[in-house]
Amino acid sequence: MSVPASRRAQLYDLNIRAWSGELVFRVSAKPDSSLKKNTAFIKKVRTSIHHEQKASILQDIQLVSLEKYLSEIIVAVSEGLRKVTKNDDIWAAVEVISALHQRFSSQFTPYLLVNMLTALSTKQSGVLVSEEVYRSRAKSLFNLLVEFFCVGVFRTLKDCDKEIIPEPILAKFGKSASQPILVLVLKDLLNYEFTEGGSLPVAVSFVKRFSFLLENEQQPELNIQEVLSVIFRRYTEVVLERAKVLADQVHKLEVRNHKASIRTGKFLEEIVTELEETSELFENFKAAGITLGEALDMPVPEFSQATETLENSDAVVEVVKSKSGNEDDMEGVWEDIKQKNFYTKIPKLSELEKTLPEQFEEIKTSLLDGEKISLFLNEMDEVDDSTLEPLVVLFNELNINNKATRNRILRFFMDSPNMSTLRYYAKFLKINEENFSELIEELVDNLDKGFRSQIYHNSISFRYIYFFVEMIKFKLIPTHVIFHKIRVLTIRIGDPGAIDLLSILYERVGRFLLNEPEYKELMQEMVEILKQKQRSAHGINEKLAINNLLIIIDPPIIKVNQEKKVVLTPIQQFVYRLVRVELKHSTFKIIFSIFKELQLDSEEIIGPVLDCFTHPESINYDDLPFLAKLIPSSNKYKSLRIRIIDTLIEQVKRGLELNDYRSNRTRMTQIKYFGELYNQELLSFKTIIDLMYKIICSGHPNNQLLPGYEVTSDPPDNFFRVQMCCSLLLSMKGDLFAESGIKSKPARSKKFSLAKTIERKKELLKVFLVFFQYYVFCKNGPVPMEIEFQLNDVFVKYSLVSERYNSFKETVARLQEIVQEKGLQNDLNREDEYDDEDDVDDFDDEVDFYDEEDDDNEDDEEEEDLVEEEEDDEKEEDDDEEEEDDEEEDSTTDEESTSEGESEDYDAETPPRRVITEKEKLKIAEDKQFEEDMERQFQQMVSESYELSKGSSALGKRLNMPSVSQYARTEEVPVQGSKMSFSLLTKAGKKTSAKQVNIPTDTNFAATILKERANQKQDKARIMDLVYEMD
């Protein structure tokens, strides 16, 4: 019964006035002081303070004189309040205690408060109370105490004299006597055996019954809402934390119990008991946390005890045979849909027809129970698909399900020699699982014992194993029993017979266990144990047997990466469609016009545009020229062109590093694409030459080619790089030197002629072709026929630039002449010009793009040029005066660019020349003479090495490259005045001789040696200092 707020407020006012000494309770003018009436009242309050006796008790308080028996009344009321548990009785008790308080005030209420605190105390000396009794009593008494506090009967502990308060109560609450008594008792009860859930009933009961105290909806004069809210919020947080801890403990116990059951084949009693107790405690904390959280508007986390299964992060697609139209998902477990339905579709007894077949009608009435059982077993001996369900109906209609019948059926199943009917027996038990629970348990126990006997006695009984397997398929065998057998057999796989028993299990039920969600995780653990046994197996027969088991249960499947599907916008799909599907000779003009209208650098389509232009392998090989023509050449899209070229160069370099033959087609497409880009004047000739040098020299030490020196990324018998260079040279226009190769370049200076630039390009190509032949001669074995044809085509095409040499010695001599003529020795000997750190920057600096002064005008001209090229196959020539201006500028820097490895652009300005003195000229001549001598000796040694290594086994050995540090030994190099003395090693035939050479100390070579020696001294001193510091 809910209590009206107005009545609580009324009682609160009366009781507070009574505390102040005001007489608010009307007593009879002549109260009855007889012993009989007083004794009856004491008995009544001791035994029956409930709503039915409320009116009678209140009348007695008004009419009976109780002063002489007040001490007995206090004790009787204290005992009677312990029996009040119902909601209606609680409010009746509130009315009675309020009346007694209003009549006797301080003569009664303080003593009642002390008695209630004593009863609620959790540490009463000399009092033995069971846990359940105390929790029930504390809950009911605390509800009464809260009600008394709400109506003003109980206020604080200060209302009681210290003399009447027991020592334990005073020690516990004395320091906080000024606080509301409700707060003191609540804190004490909430701390009582918290970890065991002792305080949960009190907390839950309080928030349900007295929620108005937490919300301050009623009786704001109490002024404890804030304190109670803080207490219960903190208590709720601790309850939820404890629930999380218990959830983890439950999960650990489940895992422990599971592992123990797999290990022993049965559940251990002590673990099961602990698991049940912990689970019950967890449920209590979980329910209390949810109730408290909802009452206080606090978030409650979800508690999950289930084991989370790890899923493979890599998405794979299994390639399996396609199923027929009427075939369900067999999951690799069932042979056909009929077998799957037999084991998975189990009819219920209520679904089976209650009418007996005609041949069984007479059995029900004409035979005795024993004869009925015998006939039923005879029919079961010949059971098949059509008679199984009628036999199930017959058994239940005959009403012969008793202990004797079950024993006979058990013996029949265990002794039946016909193994073809075992699956029908197992299904019969599955359909009658509810009625045959005891029979199934006994049957599983017998099969378990029989299986254990076979494992430990190295014998095989196929009937037991087959029946065990059929029971597994119908999930009649407990999980721990199944995997205990598999685990023991796997561990003892080396014992005689163990491999045979395990093979039978895996063949008949292995894939079922591996694909059934209920058993999948455990079966995977068994497979891992089996793989560990395979790795530790010693005999070849044992390894093969284990491998066969693994193939049976988990046959290898083809897995391919499943890329995440990217959702493209319509405009992105349109761009891909235009380039990769529609682009061809007949549609080029239309697609070019469309691309001219598109904003190619917009955020939406720049990704697809870059993807299309940087993956030429995605289109037809013959359509690469049209793809190159689509790339805009206006200044507006300069950054786009830079990104395209940089990406393509990185792809070529990556291909050189990997050298994967599977990507050869892609690499050849990229090279062809570079040729088309040059033909469209999107790249400079020097960029093409540098790219071919990179193709040849990539991976070789210091970018230097040595005959007989094997490189992993460029084997001596691999001619693919030769094919790449030939393809690039052949894909470039035949009239390479008829034009400037510059479409539209700003006229910055007009100093040099077009002829100078053409001559410079010829020189670059001539040097490369000689070096290219040197690279070809460094390869082993005869040149493949198709490569030979390509080489012939290259030198026929560029016959005016360079001739083809017939021998390695002739090529080396010509290369040496070019080095001496052009002063290129610094380029040939410099350290790894294109090392990995600077590759991108070097190529960025060297790639030339041709900007437009007026984007709009140039776009129009470009479209006209391309359209006319498609129609007439002709190309406009650029303005001669503008070309002459550009070429004059390039010619100015020709000599300087050649000496520096030609690393500057065509438009670099000529630096002012410095006057060289006679002394400097002599020094330069002396240095040059020395370097020529060194180079001549080196080239002779290389040539002799090549001749000696030809046809010998030493060709595949790695040769150590000489470096400056090899000549700079730790011993002192003699210095005489301004010169240094060195020994020059020379070789004539098989003889080696040393020649003393004096080099000026201010030459580059001598300066390098001196610097190296100084660095070595500094390093040695630094090391010694570190050693001293360690000591």
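A: Keep in mind that this is a predicted model. Let's start inside. The largest cavity is lined by H700, L705, L706, G708, Y709, D714, P715, P716, Y775, C778, K779 and N780.

Q: How much space lies in that largest cavity?
A: About 100 Å³.

Q: And what's the lining of the largest cavity like, by class?
A: Seven residues are nonpolar, three are polar and two are charged.

Q: Which residues line the second largest cavity?
A: Y134, R135, A138, L189, Y192, G198, S199, P201 and V202. Two elements give two or more residues each: α7 (131-150) and α10 (200-209).

Q: Which element gives the most to the lining of the second largest cavity?
A: That's α7, with three residues.

Q: What about classes in the lining of the second largest cavity?
A: Six nonpolar, two polar and one charged.

Q: OK, switching to the surface. Which residues make a nonpolar surface patch?
A: M419, I460 and F462 make one of about 250 Å².

Q: Where is I460 found?
A: I460 sits in a loop. That loop runs between α20 (437-457) and α21 (462-473).

Q: Why does I460 count as partly exposed?
A: Because its relative accessibility is 34%. Partly exposed covers the range between the buried cut-off, under 20%, and the exposed one, over 50%.

Notes:
Residues numbered from 1 in each chain as written. Predicted model: local features only at pLDDT ≥ 70, side-chain atom pairs only at ≥ 80, totals over all residues. Heavy atoms only, no water. Patch = residues over 30% accessible without salt bridge, like charges linked within 9 Å, V, L, I, M, F, W, Y side chains within 5 Å. Areas by Shrake-Rupley, 256 points an atom, 1.4 Å probe, with all protein chains shown as cover. Salt bridge = Lys/Arg side-chain N within 4 Å of Asp/Glu carboxyl O. Helix = DSSP H or I, 4+ residues; strand = E, 2+ residues; numbered from the N terminus. Buried < 20%, exposed > 50% of the residue type's maximum accessible area, 1.4 Å probe, protein only. 1 Å grid on protein atoms, 1.4 Å probe; cavity = no way out; pocket = protein on both sides within 12 Å on 5 of 7 lines; lining within 4 Å. Points joined across faces, edges and corners; volume = space filled by probe spheres on them. Nonpolar A, V, L, I, M, F, W, Y, C, P; charged D, E, K, R; others polar.
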